[in-house]
Amino acid sequence: MRSIPILLLLFLALALPAFASDGVLEINQTCAVNTGCFAGDAAGLPVTITASGSYRLTSNLVVPNENTSGIQLTSDNVSIDLAGFEIRGPVVCSGTPLVCTPSSGLGSGVQGSRNQSGTSVRNGSIRGMGLSGLFLGVQAEVKNVRVRSNGRCGIDTSESSIISGNTAYQNGIAGICAKAGSTVSGNAAYQNGSDGIDGSSGSTILGNTANENGGDGISASSGSTVLGNTVRLNTGFGLNLVSPSGYRENVISNNTAGTVFGGVNAGNNVCNGLLTCP
């Protein structure tokens, strides 16, 4: 019986997708660059996910330039566990006002499309991408992710998404951009180039901290609920709301353009230390 050459065995081992014991498909820099990490993914970045299912990083992913994404989605219902690792690009945002270098790019840490649904990303960091840290479709879920120094929005999702427990720091435009009907809760948005948190119509923005951003602390379109946030030292308004949005139990202080613009005061807000909010 003829033996199989060792080099062929090594090639086959590298070419096969890596499954964890729980059936999760694994993504790392080695398979991404050399062989592709699973069926439908060619060698080279971005890693392309073409099938619904569960995926996990097992190393950092480092992209070569601001126009390359870390992970590209072409399927609905994808769950990505960053597992404490980082997707990293070359962009650095710093200074006051905030300037990002390079100043533009097309790559995101995880790049989906507006009409995809059911993407979940959690538990890690995305830094230095040319476009957004995360660019996702409808019914997305983003939890416990740190986004920093991304050229536009740190986290950018479409309608009916849940964004919770994340930190958005020094992203070129807004820290968090959420489309209509989304829930944005328990996040910290700090020193982003424009607004800390942007919510579209019918959103719930709950229990966030938005400090020292270059625009408004929190901006929300009509019919939104803005509850229990701490908003301080932003260059624009603390809250910039389109009626009939309501705000309640927020602490809003020392924002350059003023405390609140628009919206309906539903009670118990504190503005600059006083219960006399607009």
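Student: How do the residues of the lining of the largest pocket divide into nonpolar, polar and charged?

Tutor: In this predicted model, the lining of the largest pocket has three nonpolar residues, nine polar and one charged.

Student: Which residues lie nearest the centre of the largest pocket, and how much space lies in the pocket?

Tutor: Of the 13 residues that line the pocket, Thr 96, Glu 212, Asn 213, Gly 214 and Thr 235 lie nearest its centre. The space in the largest pocket is about 220 Å³.

Student: Why is Gly 130 called buried?

Tutor: The relative accessible area of Gly 130 is 6%. The cut-off for buried is under 20%, so Gly 130 is classed as buried. Gly 130 is found in the loop between strand S11 (120-127) and strand S12 (134-135).

Student: What is Gly 130 in contact with, leaving aside its neighbours within four places in sequence?

Tutor: Its contacts include Glu 66, Val 91, Leu 106 and Arg 152. Contact here requires heavy atoms within 4.5 Å. As for Val 33, it is 97 residues from Gly 130 in sequence and 20 Å from it in space, C-alpha to C-alpha.

Student: What makes Phe 237 and Phe 261 an aromatic pair, and why is the pair called tilted?

Tutor: The structure holds three aromatic pairs, one of which is formed by Phe 237 and Phe 261. Their ring centres are 5.3 Å apart, and the limit for a pair is within 6.5 Å. The planes make an angle of 40°; stacked requires under 30 degrees and edge-to-face over 60, so this pair is tilted.

Student: Which parts does this pair tie together?

Tutor: Phe 237 belongs to strand S26 (residues 237-241) and Phe 261 to strand S29 (residues 258-261), so the pair links parts that are 24 residues apart in sequence.

Student: Why are Phe 237 and Phe 261 each called partly exposed?

Tutor: Partly exposed covers values between the buried limit, under 20%, and the exposed limit, over 50%. Phe 237 has a relative accessible area of 21% and Phe 261 has 48%, so each is classed as partly exposed.

Student: What makes S23 and S26 a pair of strands?

Tutor: A pair requires at least two bridges. Strand S23 (residues 218-220) and S26 have three, in the parallel sense, so they qualify as a pair. Ile 218 has Leu 239 of S26 as its bridge partner.

Student: Which strands stand at the edges of the open sheet?

Tutor: The open sheet has ten strands in the order S2-S5-S10-S12-S14-S17-S20-S23-S26-S29, with parallel pairing.

How values were computed. Residues are numbered from 1 along each chain as its sequence is written. This is a predicted model: local features need pLDDT of at least 70, side-chain atom pairs count only at pLDDT 80 or more; totals for chains, interfaces and linings use all residues. Side-chain values use heavy atoms; hydrogens and water are left out. Rings of Phe, Tyr and Trp (its six-membered ring) pair if their centres lie within 6.5 Å; planes under 30 degrees apart count as stacked, over 60 as edge-to-face and the rest as tilted. Helices (H or I, at least four residues) and strands (E, at least two) are DSSP runs, numbered from the N terminus. Buried means under 20% relative accessible area, exposed over 50%, partly exposed in between (1.4 Å probe, protein chains only). On a 1 Å grid over the protein atoms alone, a cavity is a set of points where a 1.4 Å probe fits but cannot get out, and a pocket is an open set with protein on both sides within 12 Å along at least five of seven lines; lining residues have an atom within 4 Å of a point. Grid points are joined across faces, edges and corners, and a volume is the space filled by probe spheres set on the points. Ala, Val, Leu, Ile, Met, Phe, Trp, Tyr, Cys and Pro count as nonpolar, Asp, Glu, Lys and Arg as charged, and the others, Gly among them, as polar.
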